[in-house]
Amino acid sequence: MKTREEILKRLLASDSYVSGEQLSEDLAVSRTSVWKHIKKLKEEGYEIESVTNKGYHIKKENHDLSESLLLLELRKFGISTVRIFQSIDSTNLEAKRFASKSEEQALFLAMEQTQGKGRRGKQWESPMDGGLYFSLLLRPDILPKDASMITLLAGFAVAKAIRQIFSMETGIKWPNDLVVSKKKICGILTEMSSEIDSVNYVVIGIGINLLQLDFPKEIGEIATSLARETAWEKGLLLAQRHTLLVEAIKVLHELIERFQEERNLEFIRETYNALCVNVGQQVRVIGAKNEFIGVGRGIDSSGELLVEKEDGTLEAISSGEVSVRGIYGYV
Ligand code: BTN
């Protein structure tokens, strides 16, 4: 574990002062090095008091996201870099820039995106603090043809985390929009770099609407946010971002591990379908060449959506090819 994370862990674990001398002895680094790490933690937003002859004391109710604290929890899931930006073009773009010069797995977060990207070349509105905008750079051992299944797992993981932390009925509109009260609360854009038979990396970009109360006219009818759906005040919502991120990444890590063994989604099919809002609903399947109406019957073990057509036959729909809409609105 890196020195700064260890210092943070010890400060958080202690109710009183932690001596600088003790830290330097235990971690086998100089007093100056301890002091420099403390300075960095302060720059990250931690309120750390230094008192001569006593040491350091951290104020615990800090609600800002912190690179060090996230790393402390995410290392065990194979994430070795965490970067938080006040403003960036797009966390997906940043993840890809990073991937071109590093072999690591990483997490990129931003408070605001100036060129947030949505699916199908759309823009993803990302105003300051409006949402939780993040991208995970992962290097799963999967085949390129299976990458869309990782997106499904990501949607499932975030849905589980929102349900658990906010006790909020969160559904999945296949393939991976998350839905609360029949409106979209989260979108996922996965991008991949691959060879013919192997994946170099995937970037899973996730945007969760957090504090946004007003949405642009085009999506006003179909979008919602955690602030709209809970009675929680702003500070409390912001304070939950850390837990939400860690929980979603933990669940996703476990699911990807399992997927790497099984190579299909049978292990999660039933639970995914229980959350899938298209199941039992009339849907309009809009392909490049044709369009039809049917009833959603849930995913199969390869993540395709089974749609029962009017003649009773089942058609498996693959996520890249079509868009699925409810016939009475978004869901
Ligand atoms: C969608 O269209 O539903 C997908 C939206 C994905 C938005 C997220 S926000 C974080 C990451 N960075 C981006 O530029 N896009 C994704």
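I sorted the shell around the ligand by residue class and got 5 nonpolar, 10 polar and 4 charged residues. The model I am reading is predicted.

Entry 1, the ligand shell. I listed the 19 residues around the ligand; Ser 90, Gln 113, Lys 117, Arg 119 and Lys 184 come nearest. I then looked for N or O atoms facing the ligand. The side chain of Gln 113 places an N or O atom 2.9 Å from a ligand nitrogen. For Thr 91, also through the side chain, the distance from an N or O atom to a nitrogen atom of the ligand is 3.1 Å. At Lys 117 I looked at the backbone, where an N or O atom lies 2.7 Å from an oxygen atom of the ligand. I next checked cover: on its own the ligand has 420 Å² of accessible area, and the protein covers 97% of that.

Where does the ligand sit? I find the ligand in the largest pocket. I assigned the shell to secondary structure, and the elements giving two or more residues are helix 5 (91-99), strand 5 (131-138), strand 8 (183-194) and strand 9 (199-209). Strand 8 contributes the most, with 4 residues.

I stayed on strand 8, which holds Glu 191. Is Glu 191 buried or exposed? I read a relative accessibility of 16% for Glu 191, so this residue counts as buried, the cut-off being under 20%. I also looked for a partner, and the Glu 191 side chain makes a polar contact of 2.8 Å with the side chain of Lys 96.

I went through the omega angles and noted the bond from Trp 174 to Pro 175, which is cis with omega near 5°. I placed Pro 175 in the loop between strand 6 (171-173) and strand 7 (177-180).

I looked for positive phi in residues other than glycine and noted Asn 53, with phi near 70°. Asn 53 is in the loop that joins strand 1 (48-51) and strand 2 (55-58). Its relative accessible area is 82%, so I put Asn 53 down as exposed, the cut-off being over 50%.

I noted Ser 167 as well, where phi is near 45°, again positive in a residue other than glycine. Ser 167 belongs to the loop between helix 6 (147-166) and strand 6.

Conventions. Residues are numbered from 1 along each chain as its sequence is written. This is a predicted model: local features need pLDDT of at least 70, side-chain atom pairs count only at pLDDT 80 or more; totals for chains, interfaces and linings use all residues. Side-chain values use heavy atoms; hydrogens and water are left out. A residue is near a molecule or strand if one of its heavy atoms lies within 4 Å of it. A polar contact is a pair of N or O atoms within 3.5 Å; within protein, one must be able to donate a hydrogen and the other to accept it, and residues adjacent in sequence count only if both atoms are side-chain atoms. Accessible areas come from the Shrake-Rupley method with a 1.4 Å probe; for residues, only the protein chains shown count as cover. On a 1 Å grid over the protein atoms alone, a cavity is a set of points where a 1.4 Å probe fits but cannot get out, and a pocket is an open set with protein on both sides within 12 Å along at least five of seven lines; lining residues have an atom within 4 Å of a point. A molecule sits in a cavity or pocket if more than half of its atoms lie within 2 Å of its grid points. Ala, Val, Leu, Ile, Met, Phe, Trp, Tyr, Cys and Pro count as nonpolar, Asp, Glu, Lys and Arg as charged, and the others, Gly among them, as polar. Buried means under 20% relative accessible area, exposed over 50%, partly exposed in between (1.4 Å probe, protein chains only).
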